Amino acid sequence: MSYSPGFETPPAMSSPRPSTRAERLEFERQRMAVEVFGGPTASTSYRDGLDMTNWFCQVWGLPGTEYEHIVLNIKMYFPDSYPYVPPICQLLTPVPHNHVDSKGRVWSRVLTGANWSIDMSVMEILQHIRLVLRHECPRHTPCFL
């Protein structure tokens with residue numbers, strides 16, 4: 001399945017998602033092996049062949065933004081309580097942005113848990129990060145999307 005750059009969020013999946021972390025991560029891994037959005041494929045690798053709790057993803061910046069020609073390297077850590085809480089997302093690509101702290105952690109209401117949904121897929125999280133980088137807030141103003 002392929003998505004055009006104009007899509008803000010990939011369509012929801014029709015089948016229910018597994019509820020344990022291990023089952024859900026395997027489900028997401030298989031889904032990402034075939035899914036494309038926003039033009040480029042979101043590639044994923046793991047720290048080692050057995051640890052599926054640390055993912056390294058790559059996506060292109062959103063078209064029409066200063067990041068559109070930049071590959072964003074993103075580390076995702078999935079805690080024990082995932083998918084009931086969001087993963088911790090860290091940009092490894094240096095990005096000066098109000099939603100990214102000095103350690104590269106991405107801050108939004110979705111990723112801090114306030115607007116998190118158990119149904120949110122890894123592809124949707126990556127798309128959310130791309131969209132978060134589209135919005136700037138005034139300097140020294142905390143802002144969460």
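Predicted model: local features only at pLDDT ≥ 70, side-chain atom pairs only at ≥ 80, totals over all residues.

Residues are numbered from 1 along each chain as its sequence is written, and side-chain values use heavy atoms, with hydrogens and water left out.

Entry on the elements. I looked up helices (H or I, at least four residues) and strands (E, at least two), which are DSSP runs numbered from the N terminus. The protein chain holds two helices and four strands, and along the sequence their pattern reads α-β-β-β-β-α.

Entry on burial. I call a residue buried under 20% relative accessible area, exposed over 50% and partly exposed in between, with a 1.4 Å probe and protein chains only. By that rule, 43% of the 145 residues of the protein chain are buried.

Entry on helix 2. I found that 11 of the 11 residues of helix 2 are buried, so this helix is largely enclosed by the rest of the structure. Its buried residues pack against helix 1, strand 2, strand 3 and strand 4.

Entry on helix 1. I listed the buried residues of helix 1 as Arg24, Leu25, Phe27, Glu28, Arg31 and Met32. Seen down the axis, they fall within an arc of 160° (taken from the directions from the helix axis to the C-beta atoms), so they line one face of helix 1. I recalled that an α-helix has 3.6 residues a turn, so residues three or four places apart point the same way.

Entry on the core. A nonpolar core is a set of buried Ala, Val, Leu, Ile, Met, Phe, Trp, Tyr and Cys residues joined through side-chain atoms within 4.5 Å. The largest one has 28 residues, and those touching the most other members are Trp55, Ile74, Met76, Leu91, Val122, Ile125 and Leu126. Helix 2 gives the most to this core, with six residues.

Entry on the cysteines. Cys57 is buried at 2% relative accessibility, and Cys89 is buried at 3%.

Key: Contact = heavy atoms within 4.5 Å.
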